[in-house]
Amino acid sequence: MKAEIITIGDEILIGQIVDTNSQWIGTELNKIGVSVYQISSIQDDKQHILNALEEAQQRVDIVIITGGLGPTKDDITKHTIAEYFNDTLVLNEEVVHHIKTLFAKYNIPFGELNRLQGMIPTKATYLKNEYGTAPGMWFNENNTVFVSLPGVPEEMKGLMKNEVLPKIRKEFQLPFIIHKTLITYGQGESVVAERIEDFENNLPAFVKLAYLPNFGRVRLRLSAKGNNKKLLEDTLQEQIDELYQLIPDIISGFDEGGKIEDKIGIFLKKEGKTICTAESLTGGKIAATLVSVAGSSAYYKGSIIPYSAETKINLLGVSVKTIKKHSVVSKEVAIEMAKGAKEKLKTDYAIAVTGNAGPSTDDTDKSVGVVFIAIATDFDVFVEEFNFGKPRGRVIDKTVNKSLELLLKEILKN
């Protein structure tokens, strides 16, 4: 069972809003065994919409359309769909009654434009929109289901949960689709692929492996599709067990609760240890990542953001001589930052970072992309130098991930 999602609206194409509807719909369809074949965003243009519907009908079993169902002249989806099905619009009194009831509840005047929202194609099955005025519509034409939904996320989600998904389950025999995603850290996609090449080549035919790389992390998504749920679950577990045997040193856990910051939190809580950060170029992003974990207040004590040399000196006790001799971007300054943060905030561990994220080098002798990361413990302070290249955002994100990776290794070592 394949589906296509079509979002309609010029506001999406010019970047005025981000299409979050497709992501959400795709996730929910996948949960019930419907594979999304394609996602398209198109203009509020009649011919463009007609072409998109015709092409989608040739490709998939279900077409989900969002957007263009408002009461104003620029919302043309309903009229265009009626034309596509050689249909006409008629006033649906149930829709009109719903809109009047909704408006009365909030003391909003009911006008002619609102009445016109009650016009729907005769071939459509009406889907009640509990959260708004635009009706959802279900069509079944030539063995293809078309579903038209409003673009407002809250309204679309309500219709999907209450009307569309239950109706799809009822009308179609659907397979099971199961995903398991492991998170690895510290090695690039190509290195991970080489390490598990034989594993990948010997996967069962109904199991697929996808590599999802990001800064410092590669997610390995195993997907199984079929009619026997237990077989799929057992097979995926066997494959996961094998991956844990092949690459145990770089697996931080599962996508849900398996991020490196989650694993750090688990170990710190278990050992009753605490952590703080001193962040120059990352501006608090390491701290934000650590506190994104629920319960992080048990081990995270705070952060100092010494973005200038003056702040490094005044708040962390970095020596003026050290800065003059080595510059603010140096291993010596990173070490003093880590020591200062650990002492000031009285923690068991401290992360300190300093570097050149770009575009300029701020009067240092280090090139853009050079970063120093220091980890302070009760026993020692160590520092490593990296060159993360360009652009600025990439340098910052890589620094965050590498800092957490170094911290986790240090925690596990102790």
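Predicted model: local features only at pLDDT ≥ 70, side-chain atom pairs only at ≥ 80, totals over all residues.
Me: Is the peptide bond from Lys390 to Pro391 cis or trans?
Reply: That bond is cis, and its omega is near -5°. Pro391 sits in the loop between strand 17 (381-387) and helix 16 (392-413); helices (H or I, at least four residues) and strands (E, at least two) are DSSP runs, numbered from the N terminus.

Me: Where is Asn107, and what is its phi?
Reply: Asn107 lies in the loop between helix 5 (93-105) and helix 6 (112-116). Its phi is positive, about 60°, although Asn107 is not a glycine. Most residues other than glycine have a negative phi.

Me: Is Asn107 buried or exposed?
Reply: Asn107 is exposed, with a relative accessible area of 72%. Buried means under 20% relative accessible area, exposed over 50%, and partly exposed in between (1.4 Å probe, protein chains only).

Me: Changing topic, how many residues of helix 2 are buried?
Reply: Eight of the eleven residues in helix 2 (residues 21-31) are buried, so this helix is largely enclosed by the rest of the structure. Among them are Trp24, Ile25 and Leu29.

Me: What follows helix 2?
Reply: Gly33 follows helix 2, with a positive phi near 95°.

Key:
Residues numbered from 1 in each chain as written. Heavy atoms only, no water.
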